Amino acid sequence: MGVWQLLLVGLVMLLGLLGVLVPGVPGQAIVWAAVLWWALEDKTVLAWGVLIGATALLLLNQALKPLLPARRPQESGAPPRTLMVGGIAGIAGFFLLPVVGGIVGFIGGIYGVERARLGSHGGGWASTRTVMRAVGYPVLVELFACLLVVGTWAGVQIWG
């Protein structure tokens with residue numbers, strides 16, 4: 001697989017990660033389709049192993065989705081950009097501090113936006129908890145599953 005095609009696969013994965021943050025966009029399916037595209041082109045045992053692992057993880061995430069609270073963005077009282085900034089911070093955090101950085105970045109991004117919006121630590125933290133209860137946990141779980149898939153793919157590209 002050429003460099004340009006790998007860059008396109010990575011770009012599709014990034015679009016899938018951002019799609020997780022936008023309601024109605026099938027971010028998980030986009031990430032999975034990018035892994036499928038790569039595995040069909042690469043045709044190595046490692047590529048197929050990543051595809052099988054990604055499929056299992058994303059199916060498990062879909063199976064667990066009904067156990068999580070439904071997304072209720074109107075109950076949080078926060079503007080939509082709050083979740084978008086949290087998601088982008090989670091994506092950046094995942095790659096800066098592998099694995100746990102995704103969770104820290106997501107919650108930290110939401111807190112930063114809410115603190116700036118409300119002007120105090122107490123108000124920002126209370127709003128962060130409200131956003132996490134209303135919208136954040138389902139988004140965080142879906143984003144984290146997709147980040148694990150993308151991180152595995154990136155790790156295979158770097159060290160495989």
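Me: What should I know before I start?
Reply: This is a predicted model, in which local features need pLDDT of at least 70 and side-chain atom pairs count only at pLDDT 80 or more, while totals for chains, interfaces and linings use all residues. Residues are numbered from 1 along each chain as its sequence is written, and side-chain values use heavy atoms, leaving out hydrogens and water.

Me: Why is V20 called buried?
Reply: Buried means under 20% relative accessible area, exposed means over 50%, and partly exposed is in between (1.4 Å probe, protein chains only). V20 has 1% relative accessibility, so V20 counts as buried. V20 lies in helix α1; helices are DSSP runs of H or I with at least four residues, numbered from the N terminus.

Me: And what makes K43 exposed?
Reply: K43 has 64% relative accessibility, so the label is exposed. You can find K43 in the loop between α2 and α3.

Me: What makes the phi of K43 worth a look?
Reply: Most residues other than glycine have a negative phi. K43 is not a glycine, yet its phi is positive, at about 55°.

Me: Why do K65 and E142 count as a salt bridge?
Reply: The rule asks for a side-chain nitrogen of Lys or Arg within 4 Å of a carboxyl oxygen of Asp or Glu. In K65 and E142 the closest N and O atoms are 3.5 Å apart, and the pair forms a salt bridge. The two partners come from distant parts of the chain, 77 residues apart: K65 is in the loop between α3 and α4 (73-76), and E142 is in helix α7. K65 is partly exposed at 34%, whereas E142 is buried at 8%.

Me: How many salt bridges does this rule give?
Reply: The count is two. E114 and R117 also meet in a salt bridge, with 2.6 Å from N to O. They sit three residues apart in helix α6, so about one helical turn separates them. E114 is buried at 0%, while R117 is partly exposed at 34%.

Me: What makes a group of residues a nonpolar core?
Reply: The members must be buried Ala, Val, Leu, Ile, Met, Phe, Trp, Tyr or Cys residues joined through side-chain atoms within 4.5 Å. The largest such core here has 36 residues, and M13, L17, V35, W38, F106 and L143 touch the most other members. Helix α7 (121-159) is among the elements that give two or more residues, and α7 gives the most, with 15.

Me: Which residues does L143 touch?
Reply: Contact means heavy atoms within 4.5 Å. Leaving out residues up to four places away in sequence, L143 touches L17, V20, L21, G87, I91 and F106.

Me: How are the residues lining the second largest pocket sorted into classes?
Reply: Ala, Val, Leu, Ile, Met, Phe, Trp, Tyr, Cys and Pro count as nonpolar, Asp, Glu, Lys and Arg as charged, and the others, Gly among them, as polar. By that sorting, the lining has nine nonpolar, six polar and three charged residues. A pocket is an open set of points on a 1 Å grid over the protein atoms alone, with protein on both sides within 12 Å along at least five of seven lines, and lining residues have an atom within 4 Å of a point. Among the 18 lining residues, Q28, A29, Q62, K65 and E142 lie nearest the centre.

Key: On a 1 Å grid over the protein atoms alone, a cavity is a set of points where a 1.4 Å probe fits but cannot get out, and a pocket is an open set with protein on both sides within 12 Å along at least five of seven lines; lining residues have an atom within 4 Å of a point.
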